[in-house]
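Look at the structure below and keep it in view while reading.

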Amino acid sequence: MEENLTIKGGEFLIKQTEANEIFIPEEFDEEQQMVAQTCDDFLETEVFPNLERVDEQEEGLMEELVKKAGELGLLGISFPEEYEGFGQSFVTSMLASERMGAANSFAVAYSAHTGIGSCPIAYYGDHEQKQKYLSKLATGELTGAYCLTEPGSGSDANSGKTKAVLSEDGKHYILNGQKMWITNGGFADVQTVFAKIDNDRVYSAFIVESQWDGITYNPEEKKMGIKGSSTRQIFYNDVKVPVENLLGKRGEGFRIALNILHMGRIKLGGNVLGGAKRAIDQSVNYSNERKQFGQLISNFGSIKHKLAQQAIKTFTSESAVYRVSRNIDEAYEIYKNMEGCDVGRATMDAFGQFGSEAAIMKVFASEALDYVVDEEVQIMGGMGFSAEMPADRNYRDSRINRIFEGTNEINRILVTDTIIKRGQKNHVALFERAKEVIAELDNLKDDYQSKGYFEDKRHYVENFKKVALMLMEVAVNKFDRKLVHEQEVLNSISDILMNVYVAESSMLRVQKLEAIKPAEMYNLYKDMLDVYVFEAASVIYKHALDAVHSIEDEAMTEKLLNAVKVYTKVAGVNTKDARRRIADKLIEENKYVF
Ligand SMILES: Cc1cc2nc3c(=O)[nH]c(=O)nc-3n(C[C@H](O)[C@H](O)[C@H](O)COP(=O)(O)OP(=O)(O)OC[C@H]3O[C@@H](n4cnc5c(N)ncnc54)[C@H](O)[C@@H]3O)c2cc1C
């Protein structure tokens, strides 16, 4: 069945995708735009006026907001209609995640509820479990949480100590242990708890109701940001979990946990876009009002540079996020027709297929948001540092995105490691292509002549791919199984892969926009692409040099260094003028317009 996919996970590295093969956000249909509008209206009326009260953790407020979102049908967008969902695509649920992402702590509660809080039951629950819990999670009658992390078990998620033992009468599992950092922990009615049965080495997953005897909670964690998001430690002391609340099979819990995290990572990529766009609006608004040296600060080149960079990072992240989201929908459509594959299994297999892209989006987009909010503070100067301005909350709230859903260190390693493994298992013909690239190095010529705008961009992107491929081949040959201990090398390659994926996605989107956008706007999209690809070339060059010198393959070093130089060569771009044009549009419209 995998061979029926338009593109497989990790295959972007060896396949040339055409613009008409990708989905871009400009193609949302009317129904999807209505979902987005409902989210926007909900935030304007219910959440934005209450951000202060949310951050003060006013009793019952966050739970009430989540439930109100449920009344509007925003909690079960992609869940089956049979369980009170709307049966919409993953792309549509991503659009809702993006819009809700503008809402600081509420965005975290919403994401935790609709994602990690509900999806384990949606995708692994049996009919009775879904009827009992999912139907109510989808409407907001119940709220959800996901309990994996423990004090001694964070990134090493399967090392937890929470235990489940079957009772003598065989009717219950007796749960004992402790979970930490649980989002929505203070009010969630239903928890997916990961625990090991007897002396199992891997987790099983259980649906636990928060009101059951033996469950106690620490007070709310005091946090740097997302202060309105409920975060608790939860203790389980001889909690009786009915055997019918085992989720999936015994020993399947870790797989469930990881697959849900693949989904959570892509969703985080969408979520941060909403935060970034709102922070850009605020940055432009401020720079269009603040005067220094007798003029608006938006006149200054330094400020224009920041505004343009904020927009470029947001636009490029968005291009990649929606590309992979549609690929997931396509994979799901194929998997669900496979024999013996139910909706849950098909969904999880679709997410698993794009695990490397999910990790790319988690890292790239969370770091993009950090850039955007950091520059928002800077654009506002002293006022940016004032707790009265939204930049303060945005800056603090953004930081968590590099930590949860797997830290960016773990995800960077996953990006390269997952793609290499897919190559080694022959899911994608990665190493065949890598060997061809290495064979080319002896006769490498630096004689490319410009052939046209997109032909040139395509040439650059294909060359960037060659850098990643040759480094993967050489690193695997040099370190073999020990490559996993060479994290610095893996990280360098990951940064190259991320830029390859985002550059290609942005290029294909801009190509598609030619037929959609008026010339004046279209030229600005080209400006964004020009600046991004020009910068990506230097980023890739730098990481490739780090990798070549760290791999120290004496026979290959000279050849590789020459190849890095040739493959990262791009035509010069007047980035100053391009950024000024992008910023001028933002300034003219006084908001993010791309
Ligand atoms: C506000 C908040 C909300 C959260 N919500 C939830 C939730 O709802 N449910 C839930 O289950 N968990 C939740 N978490 C937990 C979160 O997923 C973990 O904090 C995260 O996975 C990191 O684990 P840790 O904090 O133990 O850090 P550690 O694992 O101790 O990591 C410390 C540092 O070491 C690095 N590191 C660790 N291992 C490696 C390695 N192998 N290679 C390289 N570097 C490594 C990390 O990247 C990090 O920089 C939440 C956390 C926070 C702060």
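The model examined here is a predicted one.

Helix α15 spans residues 430-440, and its buried residues include Leu-430, Ala-434 and Val-437. These three lie on the same side of α15, because they cover an arc of only 60° around the axis. Glu-432 and Ala-439 are exposed, and they sit on the face of α15 turned away from its buried side.

## Surroundings of the ligand

The ligand is surrounded by 20 residues, and the closest are Leu-148, Gly-154, Ser-155, Thr-407 and Glu-409. Two or more residues of this shell come from each of β1 (144-147), β3 (172-183) and α14. Strand β3 gives the largest share, 3 residues.

Sorted by class, the shell holds 10 nonpolar, 8 polar and 2 charged residues. Domain 2 (147-247) and domain 3 (253-410) both contribute to the shell, so the ligand lies between them.

## The protein as a whole

The protein contains 20 helices and 10 strands. Its radius of gyration is 24 Å, close to the 25 Å that the globule rule gives for 594 residues, so the protein is as compact as a globular protein of that length. Along the principal axes, its C-alpha atoms fill a box of roughly 75 × 60 × 40 Å.

Of the 594 residues, 53% are buried. Among contacts between residues at least 6 apart in sequence, 78% join residues at least 24 apart.

Definitions and conventions
Residues are numbered from 1 along each chain as its sequence is written. This is a predicted model: local features need pLDDT of at least 70, side-chain atom pairs count only at pLDDT 80 or more; totals for chains, interfaces and linings use all residues. Helices (H or I, at least four residues) and strands (E, at least two) are DSSP runs, numbered from the N terminus. The radius of gyration is taken over C-alpha atoms; the globule rule is 2.2 Å times the number of residues to the power 0.38. A residue is buried if 20 or more other C-beta atoms lie within 10 Å of its own, exposed if 12 or fewer, and partly exposed in between; C-beta atoms are placed from the backbone. Two residues are in contact if their C-beta atoms, placed from the backbone, lie within 7 Å. The arc is that of the directions from the helix axis to the C-beta atoms. A residue is near a molecule or strand if its C-beta atom, placed from the backbone, lies within 6 Å of it. Ala, Val, Leu, Ile, Met, Phe, Trp, Tyr, Cys and Pro count as nonpolar, Asp, Glu, Lys and Arg as charged, and the others, Gly among them, as polar. Domain bounds come from an automatic or database domain assignment.
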